[in-house]
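Please look over the sequence and the model shown here.

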Amino acid sequence: MYNTANKNYIATSNLETIWGYLKRISYQDMTHIKTVIIDTLNGIMVDDEFRRMHEKSFDKWQDLAASVYGLVTDIHELRDDLTIVCTAHAQTDRDDNGYMFTHMKTSGRKLDKIVVESKFTTVLLAKADNGKYVFETHANHSTAKSPMDCFAESEIPNDLKYVIETLDKYENE
């Protein structure tokens, strides 16, 4: 159903290309598109890092962090009826006291400092629980979060359609 022939699928990790399409979708000839899924932010970071692997300066790491930071910051400026879903892989760290915390895996320390998840109003953590796949909606030793009273349960079905419909209903009430 989703492929380049149907003009509803693009495979790229190049941020300039991604931005080009997001702007076209938002403002030009693709305003019929209501949802875009960027899968994954980690892939974009790693591919950008490897494209520039021969650069030896410290500036490369600042540029890499700035590009991802710019993406997650600027997507909020796109048209209001466009939903952007960004997926990412999680990482669980344990500190010296044994405290475990799950957050988005990033490339480099700069993005850890700003906490990429802070740029989103909703962060859901996908996990397997007793043989079923769910989204964690509230922080439980993680950066998961959702608007107050949007999701009553701390775990909901792993169903993006349900998530988007619930968030739309919440925002339009």
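The questions and answers below move from the whole protein to single residues.

Q: What kind of model is this, and how are its residues numbered?
A: This is a predicted model, in which local features need pLDDT of at least 70 and side-chain atom pairs count only at pLDDT 80 or more, while totals for chains, interfaces and linings use all residues. Residues are numbered from 1 along each chain as its sequence is written, and side-chain values use heavy atoms, with hydrogens and water left out.

Q: How many helices and strands does the protein have, and what makes a stretch count as one?
A: The protein has five helices and seven strands, where a helix is a DSSP run of H or I with at least four residues and a strand is a DSSP run of E with at least two, numbered from the N terminus. In sequence order the pattern reads α-β-α-α-β-β-β-α-β-β-β-α.

Q: Why is the protein called as compact as a globular protein of its length?
A: The radius of gyration is taken over C-alpha atoms, and the globule rule is 2.2 Å times the number of residues to the power 0.38. For 173 residues the rule gives 16 Å, and the radius of gyration of the protein is 17 Å, which is close to that value, so the protein is as compact as a globular protein of that length. Along the principal axes, its C-alpha atoms fill a box of roughly 50 × 45 × 30 Å.

Q: How much of the accessible surface belongs to carbon and sulfur atoms?
A: The accessible surface comes to about 11,400 Å², and 51% of it belongs to carbon and sulfur atoms; such areas come from the Shrake-Rupley method with a 1.4 Å probe, and for residues only the protein chains shown count as cover.

Q: Why is N42 called buried?
A: Buried means under 20% relative accessible area, exposed means over 50%, and partly exposed lies in between, with a 1.4 Å probe and protein chains only. N42 has a relative accessibility of 8%, so N42 counts as buried. This residue is in helix α2, which covers residues 41-51. Buried residues make up 34% of the 173 residues in the protein.

Q: What does N42 touch, leaving aside its neighbours within four places in sequence?
A: Contact means heavy atoms within 4.5 Å, and with those neighbours left aside N42 is in contact with A88, H89, M104 and K105. Across the protein, among contacts with a separation of 6 or more, 52% are between residues 24 or more positions apart.

Q: Is L82 buried or exposed, and where does it lie?
A: L82 has a relative accessible area of 9%, and therefore it is buried; its place is in the loop between α3 (59-74) and β2 (83-87). Leaving aside neighbours within four places in sequence, L82 is in contact with several residues, including I25, I33 and V36. The C-alpha atoms of L82 and V36 are separated by 7.6 Å, although the two residues are 46 residues apart along the chain.

Q: Why is D168 called partly exposed?
A: The relative accessible area of D168 is 33%, so D168 is partly exposed. D168 is in helix α5, residues 160-172, and its C-alpha is 9.3 Å from that of T83, 85 residues apart in sequence.
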